[in-house]
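Open the model in a viewer and keep the selection panel at hand. The stops below say what to select next and what is there.

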Amino acid sequence: MSISSRFAVGIHILTLIEFNKDGVTSSDYLAGSVNTNPALIRKIMAMLKKADLIEVKPGVAGAKLTKDLTEISLYDVYRAVSVVEENELFSIHDNPNPACPVGQNIQTAIEPIFIQAQSTMESVLKHVSLADVVNDVATKSQAT
């Protein structure tokens, strides 16, 4: 089981909006690139709009970024699309056997490790901007 693909799709949407900034980036256009249905794209775009990462106008096709690429971190996208709640990236089973020495102590033993791992990952995401992703995609697309 992995975390929701909404995170990757959110990054994809924002990157494509930047690549197509002089065109009309509709949900159909985005869905074609992501290879999914436009309804899913619209759902994720609503999350990105609520987080003030994109601007969309009702009844008008297209979307625009609301901030400079360097001002949008991957952490912003991660939080916008509600991948996980704070300190809940890793699930801990709810009912270990309290009569077992491992069962009665496993949760308190691993929970701080899980919290630290999530915190470290989120810290990395805070230091990567959408500009980094856009530049990497541009470099890779020029090489092909």
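Select Lys-126 and Tyr-75: Lys-126 lies over the face of the Tyr-75 ring, at 4.6 Å from the ring centre. A charge sits over a ring when NZ of Lys or CZ of Arg is within 6 Å of the ring centre and within 35 degrees of the ring normal. This is a predicted model, in which local features need pLDDT of at least 70 and side-chain atom pairs count only at pLDDT 80 or more, while totals for chains, interfaces and linings use all residues. Residues are numbered from 1 along each chain as its sequence is written, and side-chain values use heavy atoms, with hydrogens and water left out.

The whole structure holds three aromatic pairs (Phe, Tyr and Trp rings, the six-membered one for Trp, with centres within 6.5 Å; planes under 30 degrees apart are stacked, over 60 edge-to-face, the rest tilted). Phe-7 and Tyr-78 have ring centres 5.5 Å apart and planes at 75°, so this pair is edge-to-face. Phe-7 belongs to helix H1 (residues 6-19) and Tyr-78 to helix H4 (residues 74-80), so the pair ties together parts 71 residues apart in sequence. Helices (H or I, at least four residues) and strands (E, at least two) are DSSP runs, numbered from the N terminus. Both Phe-7 and Tyr-78 are buried (under 20% relative accessible area; exposed is over 50%, partly exposed in between; 1.4 Å probe, protein chains only).

Stay in helix H4 and select Val-77. Val-77 is buried, with a relative accessible area of 0%. Leaving out residues up to four places away in sequence, Val-77 touches Phe-7, Gly-10, Ile-11, Leu-14, Leu-48, Leu-53 and Ile-72; contact means heavy atoms within 4.5 Å.

Next, select Ser-73, in the loop between S2 and H4. Ser-73 counts as buried at 11% relative accessibility. Beyond residues up to four places away in sequence, Ser-73 touches Leu-125, Lys-126, Val-128 and Ser-129, so Lys-126 from the opening stop returns here.Last, select the lining of the largest pocket, which includes Thr-25, Arg-42, Met-45, Lys-49, Val-60 and Ala-63. Helix H3 (38-50) and strand S2 (60-65) are the elements that give two or more residues to this lining. The lining residues divide into six nonpolar, four polar and two charged (Ala, Val, Leu, Ile, Met, Phe, Trp, Tyr, Cys and Pro are nonpolar, Asp, Glu, Lys and Arg charged, the others, Gly among them, polar).

Notes: 1 Å grid on protein atoms, 1.4 Å probe; cavity = no way out; pocket = protein on both sides within 12 Å on 5 of 7 lines; lining within 4 Å.
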